[in-house]
Amino acid sequence: MSEQAGMMNLLLVDDDEGDVFMMSELLQEMQLPIELHAVSNGLQAMAYLRQEAPYQQASRPDMVLLDLNMPRMDGRQVLSEVRSDPSLCGLPIVVLTTSQARPDIDTCYETGCNAYLVKPFGIDGLTDMVKRLEQFWSLLALPAHET
Amino acid sequence: MTLPTDKSTSFASGAFYALALEPDPDRRLRINQVLNSQSLAVQVTYVEDAEHLLGYCAQNPRADLMLLKDVSPHLIRQLRGLEFCRRVPIVVMTSAQTGSGRLDDYYRAGCSFCVRSGSSNAEEEQALRCVLQFWFSFVILPPRLSL
């Protein structure tokens, strides 16, 4: 977990500004112990995770919520790079996407995603999803990591 | 090898299959009770120990989720090396503390999530309830392989 005791440090990788905004607002409104950081494509995500410019000061997240279809570098490539990088390979990654296509589900589990979720529609669906995620996350035992 | 498995069907027409390494009959009963209390249509197959688990998993097991308690990270790695188990989500119920090196080993070995097992029966049931609800009513599980 992050420096603040009990806070989960979560990285959201999503190019949809509306989804990022809603997620951020919801977490704030629900006062969940989650510190949210967001980037909008796979290249930024990899730079963030490797603490490369401009993210040298970023803490390593406890978990990543990863969209699949993004410009520049998509979520499938991020998943594959993370799993093949010895310093990142144990990082929990939950895919959060609109895609329900079997090839995407197959590919993500083959590549090593920890869970696959489909983005809900509307604010009620998102609220429900965040509540369920938070319930599950509150039970998790996560590894320490160097910052 | 004869595999002394005990299939406990929560619902006759179970839509999902779980595989649990659980030698304790009382704990098996608790898992079944949690499933029944949540009306989750899941058929659980229980195995006694790591050897039986590996033997069962080498033979095209029906498993949408594996639930393992305090197993070794090495066992997770062995499971991930089996064709039929590469993509199946593995949840480890553990007493390891957040931040411990053992958790890092679990995640690096390919476990999907480590969940704190709780220090009492009530806590354990609560954790089980949340885990089963999350995986079987929320997550998109990997499509079954037909090899």
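## Model and conventions

Helices (H or I, at least four residues) and strands (E, at least two) are DSSP runs, numbered from the N terminus. The structure is a predicted model, in which local features need pLDDT of at least 70, side-chain atom pairs count only at pLDDT 80 or more, and totals for chains, interfaces and linings use all residues. Residues are numbered from 1 along each chain as its sequence is written, and chains are lettered from A and ligands numbered from 1 in the order in which they are written.

In chain A, helix α2 spans residues 42–49 and is mostly covered, 6 of its 8 residues being buried (20 or more other C-beta atoms, placed from the backbone, within 10 Å of the residue's own; exposed means 12 or fewer, partly exposed in between). The buried residues of α2(A) are Gly42(A), Gln44(A), Ala45(A), Met46(A), Tyr48(A) and Leu49(A). Their cover includes β1 (8–13), β2 (34–39) and α3 (75–84) of chain A. After α2(A) comes Gln51(A), with a positive phi near 55°.

Gln28(A) belongs to helix α1 (residues 17–29) of chain A. Gln28(A) is exposed because it has 11 other C-beta atoms within 10 Å. Between the C-alpha atoms of Gln28(A) and Leu88(A), which stand 60 residues apart along the chain, the separation is 28 Å.

## Contact between chains A and B

Chain A and chain B contribute 24 residues each to their contact (C-beta atoms, placed from the backbone, within 7 Å). On the side of chain A that touches chain B, α4 (102–111), β5 (115–118) and α5 (122–137) of chain A each supply at least two residues. The most comes from α4(A), with 5 residues.

By class, this side of chain A has 16 nonpolar, 4 polar and 4 charged residues (nonpolar: Ala, Val, Leu, Ile, Met, Phe, Trp, Tyr, Cys and Pro; charged: Asp, Glu, Lys and Arg; polar: the others, Gly among them).

## Chain B and its helix pair

Chain B contains 5 helices and 6 strands, in the order β-β-α-β-α-β-α-β-α-β-α from the N terminus on. Of its 147 residues, 39% count as buried. Among the contacts in chain B between residues at least 6 apart in sequence, 71% join residues at least 24 apart.

Helices α3 (residues 73–80) and α4 (residues 101–109) of chain B pack at an angle of about 5°, their axes lying 8 Å apart. Therefore α3(B) is roughly parallel to α4(B) (an angle under 35 degrees). Here Pro73(B), Ile76(B), Arg77(B) and Arg80(B) of α3(B) meet Asp105(B), Tyr106(B) and Ala109(B) of α4(B). The residues of this contact divide into 4 nonpolar, no polar and 3 charged.

Note on methods:
Two residues are in contact if their C-beta atoms, placed from the backbone, lie within 7 Å. Axes are lines fitted to C-alpha atoms, for helices over the stretch in contact, and angles run from 0 to 180 degrees between N-to-C directions. Angles under 35 degrees count as roughly parallel, over 145 as roughly antiparallel, 65 to 115 as roughly perpendicular and the rest as oblique.
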